[in-house]
Amino acid sequence: MSSFTGVSIIEGHEGCYCKTSAVEAGTDSGYHLLMVNGYSRTKEKNPTGRSISSDAFVVGGHPWLLEYYPNGKNPNCANFISLYVQGDGKVNARISFCLVDQVEKHMPMYIRATNKASRFINGDGDVFWGINKFLRRDALERSANLKGDSFTIRCDIMVCKDPNTEDPGGHGTKVLVSDMDQHFNILLQTKVGADVTFEVSGETLTAHRCVLAARSKVFMAQLFGPMKEGTTTSSVIHIKDMGANVFRALLRFIYTDSCPEIEKDFTEEEEMSQVLEEGQEDETIEDEMWLQWLQDLFVAADMYDLQRLKCICEMQLSDHIGVSSVMSTLALAEQHHCQGLKEACLNFIQVQSSSCLQTVTATDGWDHVVSTYPLVSKELVVKLGSNQHK
């Protein structure tokens, strides 16, 4: 279990300094809370590239620092909040960030997880790892996570023991970090023992019935229950209305409980120069393709009752709502009963300028929502009406 290492409080209205109540973690896993009070002030006083640091805290016997960039670490992510961790470079560790809705609620359902961790490499000197595009500022500003101009970030650090390290009991037993997800991923990639075949968009993919059934009630019913489609290994299950790349991501999540492809905004610092050299038009097309893929994965997660994956997709969609995509996302939210995503879309529309609203109403998604979901149309009118009265 992770130990609480303390809390750093950024007081934006008092000159952006940090005061820390630190507790040294007695284990190799710990989490630190970064509370940002006076978010608007930190945004005003710290331009792109300037960060606010926490005081040092200790996990696994090593010191760590958090770096908070209110306006992004570089111009390519100027509309985002960037987060970085500084370590001493002498340890292997896995790092993840979360946006905590309420400090006292640390259960997974209350934590907006990044679903991504990275590993420090042994070496000399300080090492930085971070997320350039942790969260769009406008997404934070219209969300319920920003309360009283304040929000809280949780950073989890798990120090990975050297495989040659003996356990503290002196029994000579080597303590290894769990790599179960890697083994299951190898099983998926090598196809050893695979006993079910899917045909998706003309591509053939194989998997293991027991693994699929263990993770999804829908697959359980499809492969072993009343919905069973064939009992022999030669049977091929045809998946309609789904791209092969979506189904591959679905399988990867089932086997490893992670989906790296979904983390479009996780960009290592050394990759940033390549991104900056790309043309804006290519980046826009890539963004649109990624968003369509994410919407399709969201639908697939709901179809196979993978609630954790559905939640991850919902969070990503909420954080990447745009003028051209808001109506299609709103339609998905209504169709798949995601009230949080629906509210995020309605709130986004509510704060748009007249010119942006004209663009929204000109999309095909607008006509689809108006004709298919009349109750949502009424909610839209109410939202826009209340905005005019403010």
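Asp149 is partly exposed, with a relative accessible area of 26%; the term covers values between buried, under 20%, and exposed, over 50% (1.4 Å probe, protein chains only). The structure is a predicted model, in which local features need pLDDT of at least 70 and side-chain atom pairs count only at pLDDT 80 or more, while totals for chains, interfaces and linings use all residues. Residues are numbered from 1 along each chain as its sequence is written, and side-chain values use heavy atoms, with hydrogens and water left out.

**Two residues with positive phi**

Asp149 lies in the loop between α2 (137-141) and β12. Helices (H or I, at least four residues) and strands (E, at least two) are DSSP runs, numbered from the N terminus. Although Asp149 is not a glycine, its phi is positive, at about 60 degrees. Asp257 belongs to the loop between α6 and α7 (272-277). Its phi is near 60 degrees, a positive value in a residue other than glycine. With 29% relative accessibility, Asp257 counts as partly exposed.

**Strand β12 and its partners**

Strand β12 spans residues 150-160 and is mostly covered, as 10 of its 11 residues are buried. Two strands pair if DSSP finds at least two bridges between them. Strand β3 (residues 29-37) is joined to β12 by nine bridges, and the two run antiparallel. Within this pair, Val36 has Phe151 of β12 as its bridge partner. Strand β8 (residues 92-100) is also joined to β12 in antiparallel fashion, by nine bridges; here Ala93 stands opposite Val159. In a regular strand the side chains alternate between the two faces of the sheet.

**The sheet β14-β13-β15**

Which strands form the open sheet with mixed pairing, and in what order? Three strands do so, arranged as β14-β13-β15. The edge strands, each pairing on one side only, are β14 (203-207) and β15 (236-239). On average, neighbouring strands of this sheet are turned by 30 degrees against each other, direction ignored. Helix α6 (residues 244-256) packs on the sheet and touches β13, β14 and β15; its direction makes about 10 degrees with that of β14. Axes are lines fitted to C-alpha atoms, for helices over the stretch in contact, and angles run from 0 to 180 degrees between N-to-C directions.

| Strand pair | Bridges | Direction |
|---|---|---|
| β3 and β12 | nine | antiparallel |
| β8 and β12 | nine | antiparallel |
| β13 and β14 | five | antiparallel |
| β13 and β15 | four | parallel |

Strand β13 comprises residues 196-200. Phe198 of this strand stands opposite Leu205 in β14, and its bridge partner in β15 is Ile237. In the hairpin of β13 and β14 there are two residues between the strands, and Ser201 takes a positive phi near 50 degrees.

Is Leu212 buried or exposed? Leu212 counts as buried, because its relative accessibility is 0%. This residue is found in helix α4 (residues 209-215). Not counting residues up to four places away in sequence, Leu212 touches Val196, Phe198, Ala207, Phe219, Leu223, Leu251, Ile254 and Tyr255, contact meaning heavy atoms within 4.5 Å. Leu212 and Tyr255 are 43 residues apart in sequence, while their C-alpha atoms are 8.0 Å apart in space.

**Helix α10 and its packing**

Two packed helices are described by the angle between their axes and the distance between the axes. The axes of helix α10 (residues 326-335) and helix α11 (residues 339-350) come within 8 Å and cross at roughly 150 degrees. The two helices are therefore roughly antiparallel to each other; angles over 145 degrees count as such, those under 35 as roughly parallel, 65 to 115 as roughly perpendicular and the rest as oblique. The crossing of α10 and α11 is left-handed, a term used if the near helix is turned anticlockwise from the far one by less than a right angle. From α10, Val326, Met327, Thr329, Leu330, Ala333 and Glu334 meet Leu341, Lys342, Cys345, Leu346, Phe348 and Ile349 of α11. By class, this contact has nine nonpolar, one polar and two charged residues. Ala, Val, Leu, Ile, Met, Phe, Trp, Tyr, Cys and Pro count as nonpolar, Asp, Glu, Lys and Arg as charged, and the others, Gly among them, as polar.

Helix α10 also packs against helix α13 (residues 364-372), where the axes come within 7 Å and cross at roughly 30 degrees. That crossing makes α10 roughly parallel to α13. The contact is made by Met327, Leu330 and Ala331 of α10 with Gly365, Trp366, His368 and Val369 of α13. Five of the residues in this contact are nonpolar, two are polar and none is charged. The crossing of α10 and α13 is left-handed.
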